[in-house]
Structure formats: C-alpha cells, structure tokens
Amino acid sequence: VTPCTHASSLDRPSLRRISPTEHACTSTMAEQAENLTPITVITGFLGAGKTTLVNYILKEQNKWKIAVLENEFGEVSIDDGLVAESLDAPEDLITMDNGCVCCSVRGDLVRTLGQLAKRRKDFDAMILETTGLADPAPIVYTIQTNPKMSDNYRIDSIVCLADAKHINMHLDEKKPDGAVNEAQHQVAFADKILLNKVDLVTEDEKNKLKARLNGLNKFATVIETERSRAPLDQILAVNSFNMESILTYDPNFFDDDGEKLEHRTDLVQSVGIQFGGNLHAQWFNMFMMDLLRERAEDLYRTKGLLSFHGQGDTKFVFQGVHEQINFGPAQKPWAEGEERVNKFVFIGKNLNRKELTKSLMECLYKEDEE
C-alpha cells in the first residue's frame, strides 16, 4: 500500500518505510482537502422531511450559501414540493434570495457537478439530496475516483434523515431472502442521523428509538430536529467523512457490549474492535484483501487506526465504503510514550465480532516471524 494514496484497494501486500520528508504529504493532503468544496449527501425515506429540509435551506436560513442538488435515482420521481421551476432541465439553476441555488440532476451527476465547478467557490457547501437511493457508495466512489470530481469536491458527510414517528416501521419491514431493508442500509451508512419529527413521539419512544439506531450504527451522531429545522453547522462542512474521524470516537465504542446476535431483529449492526501491538503489514493486507473479496457487499463502512511493525512512529488510518478503501498516514504520528492501540470499525450485515477480532489479532507481528 502506498501511504499517500487517496484511494487504494489494498492490493499490494507490503508497506514500505516512510522517509521523514514524506510526512509532509499528509499535511499537503489536508491542505488540498480544505480547498475542495464539501458535499453533504442526504438520504432518507419519502416523508422523512427531506423536502421540508431543502425548502428551509433554500428559503428561510440566511447564514449559509448552499447549492442543493436534487438527484433522481431509479424510477422514483423528484419531490414535487421543491421549487417547481428548477425541475425544467438539468442545466437550470434557480438562485434564491439568500444566495443559495437549486438544481435538478437527472442522470449524469458528473456532468452537473462539472458545470458547477467554475462556480463552486460561490458556495459554502453543497447538498446532494438523494431520492430512492439506499446505498450512497456509487456517489462516494465517483467523487473520489473521477479526477474532474476529486480535484474540485470531497464528500463531507453522509446524513440520514429519519422520521421519528415512522422509522421503526421502516426498520421492521421484512425483505425477501434475508435482504437488508433500505432504512437499515441508510442508517448504517450515515455519519450523522437527523432524527426528525421528535415532537410527534413521547420521550420514552424517542429514547428507545435512539437506542435502536445506536445498535445499528453507534458511530453516527444523532441530532434531534422538529419540522426539519436542522442545525446546519452540525451537518455541513463538518468533515466527518474522512479517514481521521476514527481518532475522535469515544473509546467505549470499541468495548464488547456482550450483544447476543441470535436475538437481533436487525441484520445490520456496528462493531468496534481495539487491541494493542504492531500489525504485520503483509498479514494485514492479506486479511483485508480476503475480507473485501468475500464480504465487500456486506461491509457498508469500515474504518481503522493502525500501527505497523517497521514503520516507526507513523500512525496509519483507513476508511472504506464496500471494497473502496482510502488509506494513508495520519496527520500526526504516534506520540512518544503513546500506547499503540489498533482500532477498527465495521458497519454492515451479518458481522461476527469474535471472528473479526480473531482474524485481526492473527495479523499482529511476532518477533519470531523474521
């Protein structure tokens, strides 16, 4: 794996030692990211309040200048509640009084973002509102791997808008052949969950719902809202979709909470694993290659903080969406005296904590191996 790669498939089973001059690469990447326009991807079921949220952004708030892209996926029609004139053609941009713009994307997201690239500095952020899309992985992949996109944009966060009154019904919906339903999928992918319409449920119902969402994805921040009045500074330009986000997670997230998998009603879950020591680069790469080859479809989000034998004080981080992995050195190395603790996050379907932990710990470097 080449440490300064934006997107690596972990297909080369060796890490080379990083020279002191190469540490500058990480800060350069961070500076480049600062110059990219952040895109917040918003998912959620029809009726969760996405149209109300978009209209709030376009018509009521005055703090942010935002480009809202309404994306039509599959056969689901674009929400009629949005400014009707904006739906005439993909090239049409409707400018609102508060400086925000609204645009409809019908098909080619790359073309639309390409057209907006020369104007992107006019906006504080972009919101891509997805209708009828459970898995945002294709959007993430396109923006990270298409040079025209990655030179101008970055994924800032993935936000799931959930209706507190009806989300349980969507989460409980049974799908044929053990398939994961879209609501569980959307919650699993999110960095942030906007729990909307909390005024329509009791305090007890709300707390039970938050506990359930935590079981599906305990690494996502839940933000309570009413009538889609979201605190935009908590979902825009927050840089929560990045390799280093694992550094800020609560250490308790990685504890084994003794979950009884056989009693779970949700196929989707989140697993956090941590242990000390230095990893053997070749064994870890082989493990990840095998895991992604066999389970990529089931692994919605993966994150890691790694210490490798033979890499000095360099701290490595990675983030993945299905088989697409971003990997590189963290901005700050391991501090002198800091305990070398490897941390892993897996969010997906049918995960087995014991098996994952055993396989990862087998990747630890042992002195007698060389």
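**Cores, sheet and packed helices**

In this predicted model, the largest nonpolar core has 55 residues, and those touching the most other members are Ile 39, Leu 69, Leu 113, Met 126, Ile 143, Tyr 153 and Ile 155. The element that gives the most to this core is strand E6, spanning residues 153-163, with 5 residues. Taking Ile 39 as a point of entry, and setting aside its neighbours within four places in sequence, one finds it in contact with Leu 113, Met 126, Leu 128 and Ile 143, and also with Tyr 153, Arg 154, Ile 155, Asp 156 and Ser 157. There is also a second, separate core of 24 residues, with Leu 291, Phe 316, Phe 344 and Phe 346 among them.

Turning to the sheet, 5 strands are arranged as an open sheet in the order E9-E13-E10-E11-E12, with antiparallel pairing. Its edges are formed by strand E9 (268-276) and strand E12 (324-329), each of which pairs on one side only. On average, and with direction ignored, neighbouring strands of this sheet are turned by 5 degrees against each other. Between E9 and strand E13 (residues 341-349), the antiparallel pairing extends over 9 bridges, and Phe 275 is found opposite Asn 342 in E13.

Helix H8 (residues 203-216) packs on this sheet, where it touches E9 and E13, and its direction makes about 60 degrees with that of E9. Helix H9 (residues 281-295), for its part, lies across strand E10 (299-306), strand E11 (316-321), E12 and E13, and runs at about 170 degrees to E10.

Notes: Residues numbered from 1 in each chain as written. Predicted model: local features only at pLDDT ≥ 70, side-chain atom pairs only at ≥ 80, totals over all residues. Heavy atoms only, no water. Core = buried A, V, L, I, M, F, W, Y, C linked by side-chain atoms within 4.5 Å. Buried < 20%, exposed > 50% of the residue type's maximum accessible area, 1.4 Å probe, protein only. Helix = DSSP H or I, 4+ residues; strand = E, 2+ residues; numbered from the N terminus. Contact = heavy atoms within 4.5 Å. Pairing = 2+ DSSP bridges. Axes fitted to C-alpha atoms, helices over the stretch in contact; angles between N-to-C directions.
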